Amino acid sequence: MKVLLLKDPKDKDSGPDPYIKELGLYGFEATLVPVLSFEFISLESLFEKLSHPECYGGLVFTSPRALEAIKICLRENSNNDAWSKSLKQRWNTKPAYVVGKATASLVEEIGLTPQGEKSGNAEKLAEYICSREKPNSSAFLFPCGALKREVLPTVLREEGIPLESLTVYQTTQHTDLQESLSSYFSQQGIPASIVFFSPSGVKFCLQHIQKLSGDFINHIKFAAIGPTTAEAMEAAGIPVSCTAESPTPQDLAAGIQKTLQLQNC
């Protein structure tokens, strides 16, 4: 059975995409279609703030893209030298809170130790931070996207934990999205399941999928990587057959397997 994953492929240097690999273990033929493009902004301001760890209580990351922004900053030799010689060690005396495993692995790549990776979503991460931090501490630096949800900032603010947000990327539709979807449906037909990985993916893909699927759309089992995406799907009128228990390849593959088994009973 075919599964369409509406997400960017993992970095080519890091081997096969874990979602394709995990779904393959269940006998699914999974295909990735990149949905989003990211424009990185305010990078000088980001590194200026990273250069002053003494001003902050720690770091908060809810997106791999925020780490990509930091990695772009560190490509400059002078920045990388400053990071390696002192900044990395100084930040490592403070917590770096992350929302999931993908973000955690990128935090480790820049030499920091992630905390909270089992949270899985912004709500649970906010609870985790509140359980460990005292009110009125130094502000936490929060590099984020222009479309960030307000759940985490709101919870921390209500608990008196200051957060300094800095928008470091903007999300747009991938230039090849419509062509890629048309090509997939014409060559591979109607998939058994389609997985959305973000509310932006719902926004950019739904109209194309409805048009390409036609009357067969009712045969597709739609899955969400997490509760935020599931909410966006439901708001757009998409029936959510499966939401991964946590945003990992293992939980997503297990959820899809269970959903499609029930369908075939």
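A: Let's start at Tyr 97, which counts as buried because its relative accessibility is 1% (buried means under 20% relative accessible area, exposed over 50%, and partly exposed in between, with a 1.4 Å probe and protein chains only). Bear in mind that this is a predicted model, where local features need pLDDT of at least 70 and side-chain atom pairs count only at pLDDT 80 or more, while totals for chains, interfaces and linings use all residues. Residues are numbered from 1 along each chain as its sequence is written, and side-chain values use heavy atoms, with hydrogens and water left out.

What does the ring of Tyr 97 pair with? A search of the whole structure finds 8 aromatic pairs, counting rings of Phe, Tyr and Trp (its six-membered ring) whose centres lie within 6.5 Å; planes under 30 degrees apart are stacked, over 60 edge-to-face, and the rest tilted. In one of these pairs, Tyr 97 meets Tyr 128: the ring centres are 5.9 Å apart and the planes stand at 80°, so the pair is edge-to-face. This pair links distant parts of the chain, as Tyr 97 belongs to strand E5 and Tyr 128 to helix H6 (residues 122-132), 31 residues apart.

Phe 38, Phe 40 and Tyr 169 come together as one aromatic cluster.

Now back to the strand that carries Tyr 97. Strand E5 (residues 96-98) runs parallel to strand E4 (residues 58-61), and 3 bridges connect them (two strands pair if DSSP finds at least two bridges between them). Across from Tyr 97 in E5, the bridge partner is Val 60.

Both strands belong to an open sheet of 6 strands with mixed pairing, in the order E3-E8-E7-E4-E5-E6. Strand E3 (36-40) and strand E6 (114-115) stand at the edges with a single partner strand each, so one side of each has no neighbour in the sheet.

Which helices lie on this sheet? Helix H5 (residues 101-109) lies across E4, E5 and E6, at about 150° to E5. Angles run from 0 to 180 degrees between N-to-C directions, with axes being lines fitted to C-alpha atoms, for helices over the stretch in contact. Helix H9 (residues 199-213) also packs on the sheet, where it touches E3 and strand E8 (163-173) and makes about 15° with the direction of E8; contact means heavy atoms within 4.5 Å.

There is a second sheet to look at as well. This open sheet has 5 strands in the order E2-E1-E9-E10-E11, with parallel pairing. Its edges are strand E2 (29-32) and strand E11 (240-243), each with a single partner strand, so one side of each is left without a neighbour in the sheet. From one strand to the next, the twist averages 25°. Strand E10 (residues 221-224) and E11 run parallel, joined by 3 bridges, and Ala 224 stands opposite Thr 243 in E11.

Conventions:
Helices (H or I, at least four residues) and strands (E, at least two) are DSSP runs, numbered from the N terminus.
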